[in-house]
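Good morning. I have one structure to go through, and I will keep it short. Please have a look at it first.

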Amino acid sequence: MSSPANDPKQPSTAKPYKAPVVAPQDLPIDYSGFIAVVFGVFGTMFRYKVCSSLPIIFSAQSLANMRNFETDLKHISMAMM
């Protein structure tokens with residue numbers, strides 16, 4: 001094992017990681033939310049029970065993968081509707 005005097009790391013020069021700021025319009029598309037809406041419409045129009053229950057799974061996945069909770073409060077309420 002190496003002694004602490006020979007350690008090449010310098011803790012005084014370490015900087016904490018700061019995530020880059022991304023504008024809301026530059027975020028990638030939420031495909032699971034889109035699929036939930038599509039299956040919900042198909043389930044309503046064609047009365048398929050499978051297409052009516054799949055949006056619950058996709059909307060839960062979409063809510064679990066959200067990054068910014070304040071701007072997506074409208075999306076949460078619409079997904080639960």
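This is a predicted model: local features need pLDDT of at least 70, side-chain atom pairs count only at pLDDT 80 or more; totals for chains, interfaces and linings use all residues.

The chain has 81 residues, and 14% of them count as buried.

Now the secondary structure. The chain contains three helices and zero strands. If you read along the sequence, the pattern is α-α-α.

Next, the helix pair. Two packed helices are described by the angle between their axes and the distance between the axes. Here the pair is H1 and H2, with H2 covering residues 49-64. The angle at which H1 and H2 pack is about 165 degrees, and their axes lie 8 Å apart. An angle over 145 degrees counts as roughly antiparallel, so H1 is roughly antiparallel to H2. The crossing of H1 past H2 is left-handed.

Last, the surface. Which residues form the nonpolar patch there? They are Val37, Val41, Phe42, Met45, Phe46 and Tyr48, and together they have about 620 Å² of accessible area.

Take Met45, one of the patch residues. Met45 sits in helix H1, which spans residues 31-46. Is Met45 buried or exposed? Its relative accessibility is 56%. The cut-off for exposed is over 50%, so Met45 counts as exposed.

That is the end of my part.

How values were computed: Residues are numbered from 1 along each chain as its sequence is written. Side-chain values use heavy atoms; hydrogens and water are left out. Patches are made of residues with over 30% relative accessible area and no salt bridge: like charges are joined within 9 Å, nonpolar side chains (Val, Leu, Ile, Met, Phe, Trp, Tyr) within 5 Å. Accessible areas come from the Shrake-Rupley method with a 1.4 Å probe; for residues, only the protein chains shown count as cover. A salt bridge is a side-chain nitrogen of Lys or Arg within 4 Å of a carboxyl oxygen of Asp or Glu. Helices (H or I, at least four residues) and strands (E, at least two) are DSSP runs, numbered from the N terminus. Buried means under 20% relative accessible area, exposed over 50%, partly exposed in between (1.4 Å probe, protein chains only). Axes are lines fitted to C-alpha atoms, for helices over the stretch in contact, and angles run from 0 to 180 degrees between N-to-C directions. Angles under 35 degrees count as roughly parallel, over 145 as roughly antiparallel, 65 to 115 as roughly perpendicular and the rest as oblique. A crossing is left-handed if the near helix is turned anticlockwise from the far one by less than a right angle, and right-handed if clockwise.
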